[in-house]
Amino acid sequence: MDMALPVVNATAAVLARVSAAFNAPLARAVVFGVHIDGHLVVEGLLIAVIVFQLTRKSYKPPKKPLSEKEIDELCDEWEPEPLCPPIKEGARIDTPMLESAAGPHTIVDGKEVVNFASANYLGLIGNEKIIDSCVGSLEKYGVGSCGPRGFYGTIDVHLDCEAKIANFLGTPDSILYSYGISTIFSVIPAFCKKGDIIVADEGVHWAVQNGLHLSRSTVVYFKHNDMASLASTLEKLTRGNKRAEKIRRYIVVESIYQNSGQIAPLDEIVKLKEKYRFRVILEESHSFGVLGKSGRGLAEHYGVPIEKIDIITAGMGNALATDGGFCTGSVRVVDHQRLSSSGYVFSASLPPYLASAAVSAVNYLEENPSVLASLRSNIALLHQELSDTPGLEISSHVLSPIVFLKLKKSTGSPATDLDLLETIAERVLKEDSVFIVTSKKSNLDRCKLPIGIRLFVSAGHTESDISTLSSSLKRVSASVLSDYF
Amino acid sequence: MVRLPYTTALTTLFSYGLLFAFGQLRDFFRKFIDLFKAKNVKDCFGRPIASAPDSWFDVVERTSNDNNKTLQRTSNTSRCLNLGSYNYLGFAAADEYCTPRVIESLKKYSASTCSVRVDGGTTKLHAELEDLAARFVGKPAAILFGMGYVTNSAIIPCLIGKGGLIISDSLNHNSIVNGARGSGATVRVFQHNSPAHLEEVLREQIAGGQPRTHRPWKKIIVIVEGIYSMEGELCKLPEIIAVCKKYKAYTYLDEAHSIGAVGQSGRGVCELLGVDPADVDIMMGTFTKSFGSCGGYIAASKEIIQHLKHSCPAHLYATSMSPPAVQQVISAIKVILGEDGSNRGAQKLARIRENSNFFRSELKKMGFEVLGDNDSPVMPIMLYNPAKIPAFSRECLRQKVAVVTVAFPATPLLLARARICISASHSREDLVKALDVISRVGDLVGIKYFPAEPPKIAEAGHDKLE
């Protein structure tokens, strides 16, 4: 306080003197009747300085655009990378060629083999009734449908197929897509837009990942099939986050994971979904026609009412032994897709004979539910017989028709693992005429689950087929993996 | 090029404005969902058919008791002339050469292989078709996919990624846009069919480099289509290839509508415009339109195809193409090439060319505004005004001609159109009847925007016009 007072006094004194100087009638001149006061002189000087500065040229660093000659030089110098990288030496390129239908027994490269590489779960390949309905369709409608669904590509068999599937599952309506994998990667972007939150399992296959990427939503992955991880992710996303209340939230899971053979615990997922208010998109390609007492899928298996799952999609290229896919849900879900789903609107519709094959396949399943029991007993038998395979262990669920065998101990590098597994598969085919395959991975796929040997069990396999496979596999893996264990 | 008269543009804008205002008013009374997905014109789209999509087909009649909000099928059908399906060479219905072989392959291989190509999904038919497709198109190797849409969306990410540049035509199909977006590369658009603008964009981009870092681009791919399905015009391929070669950019040609339909022997725009297939890096096409089947292919050099077989997700994860569909394509290509022992293929190609040129010139003489180049089997007739879309569609259907009408968002807002697809299975009488109906409906609806030529000149050229 005592420092302030002299400062204040000094300032006041200076101000008083300055204002006196300003207001003193300085030049005693009168220009046009206006007294020239001191402050007018200072103001006049300031204005003169400003005008002087404005008339100076401003210094901007010159913005020289590239001349034509320079652009020409840059274009000449630029060298693009080759369009595709060179193929690595020793990469296995040849795929086995089938010479007959891909049923439980097929002919590969001239030899008759037992086929465990086709997802023919109900054994419908070669079924007489289905082939007859296809022949009828082919004679009536030709092969292709020659147009998208909106422009005369809707044939009455498509509408029948949609009604049949919806009826079978107990949902109001369903929509048909013309290709299995395009189903999920068209459905997800149709519903999930930029700004939405999607929680997905880290083991989903490439088509789901592509759909998630195209949707431009925020995607959070949780540990593969781990409900605790899912619960904590959901908790983290919604706790205290007021914004999360207003945006759309989805959980994307597969019923049977292609990359591991695990089954998603739907009852727990539905509980979590109701607690945190998310919507569930369920990809049922490998469980439709397989799980459940009458083959109606994961919801029937767990006893969950079908209305609780918001969107169900499935490809029909597995149990139903045809092609294409469908999506089902409430009326609004299905109607929305008819105008906004790019794989439906911008693509030709499913060939009519495949749609009639789907209808016959569902009819067959309704009339013969015992085929599910044979499938289940085959899977159980295979699990039992392969439980003591040297070097390989079964990592899929006991009810999954995809039996996934992975190395008990990985060699450390995925390339060597793949090499070992492929050697096993090749030797099994060559020496014992059993056709098995390893899981393939594209370099665009971001799923990090381990690769393995995938066996697709069918209701058409006999016990002797299964014992041939298991004895062959045990023998070959013992010899191939003996260096490692 | 579309020549839109000012008065038409003004009246169309006014109509849309009126529709919008009316919609807002209706908002006070009940919720309505989306203006341009107006359910009241739902009956013009998605019409189900009950027979093969051949030149004449049965359209199922639908009724509605809530103003077209929901439509129910009836069991009545009406036999209509088909001007909407993509059936360029007439393979849509059962064919005397193809169908027996398709049924045979169905009995041998069954409707589906239930597995992916690399597992147990490759049959001898697939290998045969890949060789045949490569030979047909004029490239060393080819790879097949089960759906045309997936071909584009899954291939483009394999060829280019972050750090690359995709320059695509402004009117490219949705599958190309999806593929480009999914790849992670930067996407730039050049004015539709303008090699001059493409050159400008290329120069600017190569000189500027990647955005923000200005590093040079890893590679540049230019994507064009052979025939644009909404415009009916051919791509200016020779000029675009010349520009791309000069600037070392790769070219990707999507021949979904042009393969099999144009060209002396059906080999597409390359043959029609005299471009050597070796100059185009990647040629893509679909089997849905001219071959009456489903699926798509990519034809390129052996190294690119090998690379795709290793890394393309659609090859590694998707169920392989259904064997009867493969057999249909094999038989169709054999017919086109004349390898089935008859000259039906050459006849079909000649007929579709004659039909397209005849139809287009007649429509133009009547005073319609028709887009597209000569020889192209796709011809859009401009409607412009939104009210004329359902009017034209319904009136034509009443007179037993089935046409396709397209509006926003598939076309620009003011440029709604009706799109005609000519087929080799249309006979001259069919076309004459179609012209008659379209002329009458055009008078009713008022879409003859240009003065009709006097009938004397028309009679001299085509004497069957009674």
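A salt bridge is defined here as a side-chain nitrogen of Lys or Arg within 4 Å of a carboxyl oxygen of Asp or Glu. In this predicted model, local features need pLDDT of at least 70, side-chain atom pairs count only at pLDDT 80 or more, and totals for chains, interfaces and linings use all residues. Residues are numbered from 1 along each chain as its sequence is written, chains are lettered from A in the order in which they are written, and side-chain values use heavy atoms, with hydrogens and water left out.

By the rule for salt bridges, five are found across the interface of chain A and chain B. One salt bridge joins the side chains of D160(A) and R73(B), with an N to O distance of 3.0 Å. Contact (heavy atoms within 4.5 Å) involves 93 residues of chain A and 93 residues of chain B. The size of an interface is often given as the accessible area lost when the parts come together. The buried area (accessible area, 1.4 Å probe, that two parts lose on being put together, summed over both) is about 8100 Å² between chain A and chain B, with carbon and sulfur atoms giving 65% of this area. Of the area that chain A buries against chain B, 13% comes from W78(A), L83(A) and Y152(A), more than from any other three residues.

Chain B also contains an open sheet of three strands in the order β1-β2-β11, with mixed pairing; strands are DSSP runs (E, at least two residues), numbered from the N terminus, and two strands pair if DSSP finds at least two bridges between them. Strands β1 (56-63) and β11 (401-402) of chain B each have a single partner strand, so one side of each is left without a neighbour in the sheet. Strand β2 (residues 72-82) of chain B runs parallel to β11(B), joined by two bridges. N82(B) has A402(B), in β11(B), as its bridge partner.

Notes: Helices (H or I, at least four residues) and strands (E, at least two) are DSSP runs, numbered from the N terminus.
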